[in-house]
Amino acid sequence: MTRLFSDGLVMMAMALGHRLGFYKLLCEATDPMTLQAISDQLGLKERYAKEWLSCMVAAEIVYFDRDSEAYYIPEAFKTELKVRTAFAPVLMQLSDRCDAVEKCFKKDGPYGVSYNDAPGYFNWLEEYRNSIRDRAMEEEILPRFREQGLAAKLESGICMLDVGCGTGTFTYALAKHFPKSTFIGMEYSEKALVIARAKNEQMQLDNVTFEYGDAQALPEKWTGHFDLVLLYDVLHDLPNPHKCLDQVYQVLKPDGVLSLVEQAVAGDPMDNRGGVGMTTGFYTPSMFVCLPSSMMGEPHVGYGAFWGIENIEKAILDHHFKISHSNRQEVEATKGRVFYCCTK
Ligand SMILES: C[S@@+](CC[C@H](N)C(=O)[O-])C[C@H]1O[C@@H](n2cnc3c(N)ncnc32)[C@H](O)[C@@H]1O
């Protein structure tokens, strides 16, 4: 219990440190830095900076050289820290929702909370997704698309719909990578769409657009229109994922493909024991974000992130898709991300 509480509290300091720029500075530094240099470069009061650094030294994330009285992050930690610490501020997003989620638990409280009701959530998602975007593209998305034969199609020029695209991080990354294809990002959160659309001022891509809409009620004009539909980390958030799968089936061309990305966790918590990967920890964001989202509307299925891959596969098959490719066997032991390629 002591370890559990201690790690949770260190994560809170990590979240603050990420926001203040400590990790970026220390990961980019080629030499150890004194307290004064760190405080000056970040524009911080030395006393506060010292408290944060002391916490990180005790946690063995930042190291301190007594002779030069300077702080540093070991080279071996840098790559992971630079990418991973952007996840930590999710704690602030979750604690912002604590009152609302507490009400949802109560029998006489509301069913759920929408993504729209989380003021800073999409700013966090945007920053977090940006921090993992290049790695996710190179190590996850593009290799899977190549294995699934989708990369060649995207290279020659097809039409893709990114359902529940969030702030459009992957929509843009794919649009940039495959300039001959056209991409539509669809979202029901106006807050996410504002961020997604604003990014095109810098990106200047003419093959990507964003539309407001509900994943469970896709417009009729899209019937039979798309070669590829992406559902990245979305299906389990929906109050009626079954309706969404029906709708996706409708908007795909006869030879179209659904690419579905979920976390390879089990539906039964007994099979998630043992602290593999982030499995245990992910129950918390699911409880605060995914579950309240999937309880929002009729029929309040409330699957959340722990719907379980066995149940997701059953839903895919029940909705007349065939699973033509998946990396389930590779990722199941590590509870990583599972990619499905589904055909009609
Ligand atoms: C975990 S985020 C994933 C966003 C994006 N796919 C990504 O990976 O960055 C889930 C997204 O689903 C969206 N969403 C939830 N319910 C939706 C619905 N009924 N229709 C469309 N989007 C929805 C949320 O607003 C949120 O942006």
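**Exercise 1. Determine the handedness of the crossing of H8 and H10, and then describe how the two helices pack.**

Step 1. The crossing of H8 and H10 is right-handed, where a crossing counts as right-handed if the near helix is turned clockwise from the far one by less than a right angle, and as left-handed if anticlockwise. Helices here are DSSP runs of H or I with at least four residues, numbered from the N terminus. The model is a predicted one, in which local features need pLDDT of at least 70 and side-chain atom pairs count only at pLDDT 80 or more, while totals for chains, interfaces and linings use all residues. Residues are numbered from 1 along each chain as its sequence is written.

Step 2. Helix H8 covers residues 121-147 and helix H10 covers residues 169-177, and they pack at an angle of about 45 degrees with their axes 9 Å apart; axes are lines fitted to C-alpha atoms over the stretch in contact, and angles run from 0 to 180 degrees between N-to-C directions. H8 is therefore oblique to H10, since angles under 35 degrees count as roughly parallel, over 145 as roughly antiparallel, 65 to 115 as roughly perpendicular and the rest as oblique.

Step 3. H8 contributes Glu126, Arg129, Asn130, Arg133, Met137 and Ile141 to the contact, and H10 contributes Thr169, Phe170 and Ala173, two residues being in contact if their C-beta atoms, placed from the backbone, lie within 7 Å.

Step 4. These residues divide into four nonpolar, two polar and three charged, where Ala, Val, Leu, Ile, Met, Phe, Trp, Tyr, Cys and Pro count as nonpolar, Asp, Glu, Lys and Arg as charged, and the others, Gly among them, as polar.

**Exercise 2. Describe how H1 packs against H4.**

Step 1. Helix H1 (residues 2-20) and helix H4 (residues 46-58) pack at an angle of about 130 degrees, and their axes are 10 Å apart. This angle makes H1 oblique to H4.

Step 2. H1 passes H4 in a left-handed crossing, and the residues that meet are Val10, Ala13 and Gly17 in H1 with Trp52, Cys55 and Met56 in H4. By class, this contact has five nonpolar residues, one polar and no charged.

**Exercise 3. Describe how H3 packs against H4.**

Step 1. Helix H3 (residues 35-42) packs with H4 at an angle of about 115 degrees, with the axes 9 Å apart, and H3 is therefore roughly perpendicular to H4.

Step 2. The crossing of H3 and H4 is right-handed. Leu35, Gln36, Ile38, Ser39 and Leu42 of H3 make the contact with Glu46, Ala49, Lys50 and Leu53 of H4.
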